[in-house]
Amino acid sequence: MSTPLLEVRNLSKTFKAFRAVDGMELSVEAGTIHSVIGPNGAGKSTLFKLITGVHVPTSGEILLGGQAIGGEHPHQIARKGLVQVFQLTSIFTRLSVFDSVMVAAMATRRRSLDLSGRFRKALAGEVELLLEDVGISHLAKRISGELSHGDQRALELAMALATKPRVLLLDEPTAGMSPAETSTIAALIVSSVRSRDITVVLSEHDMDVIFEISDRVTVMHQGRVIAEGTPQEVRTIPEVMAVYLGDQVSGVVSVGYGPLPRRRESGPRTPLPDSSKHREKGQS
Ligand code: ADP
Ligand code: MG
């Protein structure tokens, strides 16, 4: 078996006396879209912050390409190619869409942020291609902060892709989006990462998106894994669906159950959706 590109072993994070992540295990194969799902408070965002170095683990290991990265600074981890799609900050909201992606592209190449020089010219084609890929090339000259919610998420994806990540983490990328925007961004994630051979770790509350785009799904509850498998495998575990849907419906997990058996056998790969059917931007 090949070494997983990203591996989390017996990882825990305690806040005061509370264990937000409690013996978490995750094994992400290169080139896959691997989703982490679970009810609110399951520990998904904390797991992502541990992986990206925002939080220091209380115990356990995080390995990128077999090398331990747990406890390193976020910028060191980002430089190794593990990048989280970030929210537009106030600096970027005042730049044009094109310049926002340009700054992201320049930043990882460790050059000065010279927005008018020769280096900019060399990168311009790359930036244009990224904007085309995420469907916002027509907005290149617009101020980032003035874009619609969905277009800003597409811009954030382009900015993250501009850094040429090996592993891209997305924590609830469709939060606050309309169903149409959700479909669009899901299709963009699939098409843009597949064409670049990027590995994705995704947390997402929209189950349709999860089951449509994931190769593997890890189900988290109370800081640990309760199930793992292909989307088809996971969706047939009634307890998983009860916990998750219970949360979606009421906001509270009220279903009691013991730990579920882990599913670690690798099932057949999920057929990829035809992402063209989601390219409906501008029709609504
Ligand atoms: P999820 O993303 O799955 O909804 P989180 O990782 O955000 O879950 O949170 C998991 C648990 O950890 C929650 O109970 C949350 O209140 C707690 N938590 C998260 N971050 C902190 C923090 N910085 N300090 C204290 N508790 C935290
Ligand atoms: Mg979260």
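Hi everyone! In this predicted model, local features need pLDDT of at least 70 and side-chain atom pairs count only at pLDDT 80 or more, while totals for chains, interfaces and linings use all residues. Residues are numbered from 1 along each chain as its sequence is written, and chains are lettered from A and ligands numbered from 1 in the order in which they are written.

Let's begin with the sheet. It is open, with four strands in the order β2-β1-β4-β5 and antiparallel pairing. Because β2 (18-28) and β5 (67-68) stand at the edges with a single partner strand each, one side of each has no neighbour in the sheet. Strands here are DSSP runs of E, at least two residues, and helices are runs of H or I, at least four, numbered from the N terminus; two strands pair if DSSP finds at least two bridges between them.

Look at β1 (residues 6-15) and β4 (residues 59-64): five bridges join them, and Val8 has Ile62 in β4 as its bridge partner.

Now, ligand 1. Which element gives the most to the shell around it? That is α1, with three residues. Among the residues around ligand 1 are Phe18, Gly43 and Lys44, where near means a C-beta atom, placed from the backbone, within 6 Å.

Finally, confidence. pLDDT, the predictor's confidence in each residue, runs from 0 to 100. The protein's mean is 83, and 83% of its residues reach 70 or more. Over residues 248-284, though, pLDDT stays under 50. Where pLDDT is low, the predicted coordinates should not be read in detail.

Note on methods: Contact = placed C-beta atoms within 7 Å.
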